[in-house]
Amino acid sequence: MTIKTGGHALVENLIQHGIKDLFLIPGIQLDWAVDALRQRSSEINLFIPRHEQTTTYMADGYFRASGQIGAAMVVPGPGALNTGAGLATAYASNSKVLFVTPQIHSKGVGKGYGLLHEIKDQTGFVAGLTKWNAMVDSADRIASTMDAAFAQLNVGRPRPVGVEVPHDYLQASVEQDNERSPEPAPVPLVDEKLIQAAAALINSARFPVIYAGGGVNNSAGAAGLRLLAEKIGAAVVASDNGRGALTDRHPLSMNSLAGRAVFQHADVIVVVGSRFIDAMTPTASWPHASGVRFIYLNIDPADVTPPRMPDVALVGDAAQELPRLAELLDKRTVLKESDALAVKRWAQAQIDSISPQADYVNALRKAMPDDAIFVNELTQIGYLARIAFPVYEPHTYIGPGYQGTLGYGFPVALGAAVGGGGRRVVSVTGDGGFGWNLQELATAKRYELPVTLIVFNDGHYGNVRAIQRREFGAEVAVELSNPDFRLLAQAFGVPFEQVETPDALGALVKQSINTRGPVMIEVKIGIVPSPWHLLRLQPMKGMTGPAAPANPLNEVI
Ligand SMILES: Cc1ncc(C[n+]2csc(CCOP(=O)(O)OP(=O)(O)O)c2C)c(N)n1
């Protein structure tokens, strides 16, 4: 069969690979692809946000809510550059994002003529933000290059992939590309001897503890994780990306603060699907001290290398390997349920001392059904929410990963709303971070996306201000001139409320759950206490607070 243009070949390929929703901003180099999309509009829905950065953010949110590939397409050069923060966040969060951008004319690439939207080394930019990238080298090879991109998306560690297509290829007539790439090979099983070595280490341990990262959610390893934890009755400590892999209703499921209490007694730590790297220093998240042995299970061989020092390194898929490991373990109860609950209460008491943040987080959790999606941000309530917001199902808690991208939350929430199958998405943000994407109120309204947007307004880049005051005793460059948020929401046709208490916020969020379309809530807030000494397995340098109460496990282990 002859396909008319490269644009048709591209769109045909997206449809063949199951892409049903596409986040797109058009422009001249994409015209032939976009017209092909128009012709196939009953098969692919187009979402057209108001800034190119939102295309990759939405694709990321779409993947995180649905587990399905999120696809984004923009023009080259400045258009592609605009998507950078979204791609970086998707990369840091292990999201399957397909990024497609044209190139300038194939005969001009790399020549520096200054063709429309030309930038030096666009391919280097795409390569730097993806796990795999390719530039289509002839119009007839659009489909096979896209096949290769999908093969990469569907195997190994989930991360964005990028394809560049010179725009003349999209306009050219092309033959059906018969040289199609083969399906990806499944991830091989870990050698049985290594699984046995890991099992022997766990069986001989006095107090093994499990640490679960985003890899467990990504590989649908939740069932295997639960099997492993329940077989030996060991605590499961979740990283930010790993939240929800084991429901927080489970007595053994712990946040990183509770994790401190169990890690202090651990002699074997099983790290599953996590980079396990401290946020600010190039060291492991917990010291490889003498007397503590480590087992790492990760799909990416790079993540079992130094500074981690595995006693046993398993390179494989958590979903495949966790049941194999659980099978070889002796049934026992490492941590009694009553002791696990005592640890959780110990952590909760410290969380509850951070007011009003804890009250806001509690109000949100109470107002949201288990399957609603919470998109966290870098804001005062959001920091505490990393440990204070209980997560009950995989894929219902979204954070920015190690990228810590201010402003990512609202646009990612919009994508999560598209991919979430009608579930409500609650997006919290500071007034500073919201400023990155005010214009996307238009996108929320246009597609009537089920997003409850909560803006905590303290008139400042509050976290930066808090650090400046602590470190330097003075503040600079942190004051904001905000619009009147009520008028802003009205201008976009988005329903708006303003509140000043946790109870009032909870009531509005609850009411919003069954509302159609977006709702915006502004919460007026002042200076609040720092929660930082409570975050992470080991608090960041300089983040001190009141001494923690005695570890309840000291008495019983
Ligand atoms: C892309 C990006 N730019 C800048 C920062 C640095 N940063 C971290 S928090 C913050 C201030 C956030 O202010 P706001 O959104 O108002 O939240 P608040 O702390 O006031 O609650 C800034 C500028 C960042 N993390 N990411």
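1. The shell around the ligand comes first. Its residues divide into five nonpolar, nine polar and two charged. Keep in mind that this is a predicted model.

2. Which residues come nearest to the ligand? There are 16 residues around the ligand, and Thr-379, Gly-432, Gly-433, Gly-462 and Asn-463 come nearest.

3. Now place the shell on the fold. Three helices each supply at least two of its residues: helix 16 (380-388), helix 18 (431-434) and helix 20 (462-472).

4. Two involve side chains. A polar side-chain atom of Gln-380 sits 2.9 Å from an oxygen atom of the ligand. For Asp-431, a polar side-chain atom lies 2.8 Å from a ligand oxygen atom. Gly-432 uses its backbone: one of its polar backbone atoms is 2.7 Å from an oxygen atom of the ligand. How much of the ligand does the protein cover? On its own, the ligand has 590 Å² of accessible area, and the protein covers 76% of that.

5. Turn to how helices pack. Two packed helices are described by the angle between their axes and the distance between the axes.

6. Take helix 9 (residues 192-204) and helix 13 (residues 318-327). They pack at an angle of about 55 degrees, and their axes are 9 Å apart. Helix 9 is therefore oblique to helix 13. The crossing of helix 9 and helix 13 is right-handed.

7. The second pair is helix 15 (residues 357-367) and helix 22 (residues 502-512). Their axes come within 8 Å and cross at roughly 25 degrees. Why is this pair called roughly parallel? Angles under 35 degrees count as roughly parallel, so helix 15 and helix 22 are roughly parallel to each other. Helix 15 and helix 22 also make a right-handed crossing.

8. The packing angle is about 30 degrees, with the axes 9 Å apart. Helix 1 and helix 7 are therefore roughly parallel to each other. What is the hand of the crossing of helix 1 and helix 7? The crossing is right-handed.

9. Check the backbone for cis peptide bonds. One joins Pro-306 and Pro-307, with omega about 15 degrees. Where does Pro-307 lie? Pro-307 is in the loop between strand 13 (293-298) and strand 14 (312-315).

10. Another cis peptide bond joins Ser-355 and Pro-356, and here omega is about 15 degrees. Pro-356 belongs to the loop between helix 14 (337-352) and helix 15.

11. Last, look at Ala-477. Its phi is near 65 degrees, which is a positive value in a residue other than glycine. Ala-477 lies in the loop between helix 20 and helix 21 (485-492). Helix 20 is also one of the helices that supply residues to the shell around the ligand.

Methods:
Residues are numbered from 1 along each chain as its sequence is written. This is a predicted model: local features need pLDDT of at least 70, side-chain atom pairs count only at pLDDT 80 or more; totals for chains, interfaces and linings use all residues. Side-chain values use heavy atoms; hydrogens and water are left out. A residue is near a molecule or strand if one of its heavy atoms lies within 4 Å of it. A polar contact is a pair of N or O atoms within 3.5 Å; within protein, one must be able to donate a hydrogen and the other to accept it, and residues adjacent in sequence count only if both atoms are side-chain atoms. Accessible areas come from the Shrake-Rupley method with a 1.4 Å probe; for residues, only the protein chains shown count as cover. Helices (H or I, at least four residues) and strands (E, at least two) are DSSP runs, numbered from the N terminus. Ala, Val, Leu, Ile, Met, Phe, Trp, Tyr, Cys and Pro count as nonpolar, Asp, Glu, Lys and Arg as charged, and the others, Gly among them, as polar. Axes are lines fitted to C-alpha atoms, for helices over the stretch in contact, and angles run from 0 to 180 degrees between N-to-C directions. Angles under 35 degrees count as roughly parallel, over 145 as roughly antiparallel, 65 to 115 as roughly perpendicular and the rest as oblique. A crossing is left-handed if the near helix is turned anticlockwise from the far one by less than a right angle, and right-handed if clockwise.
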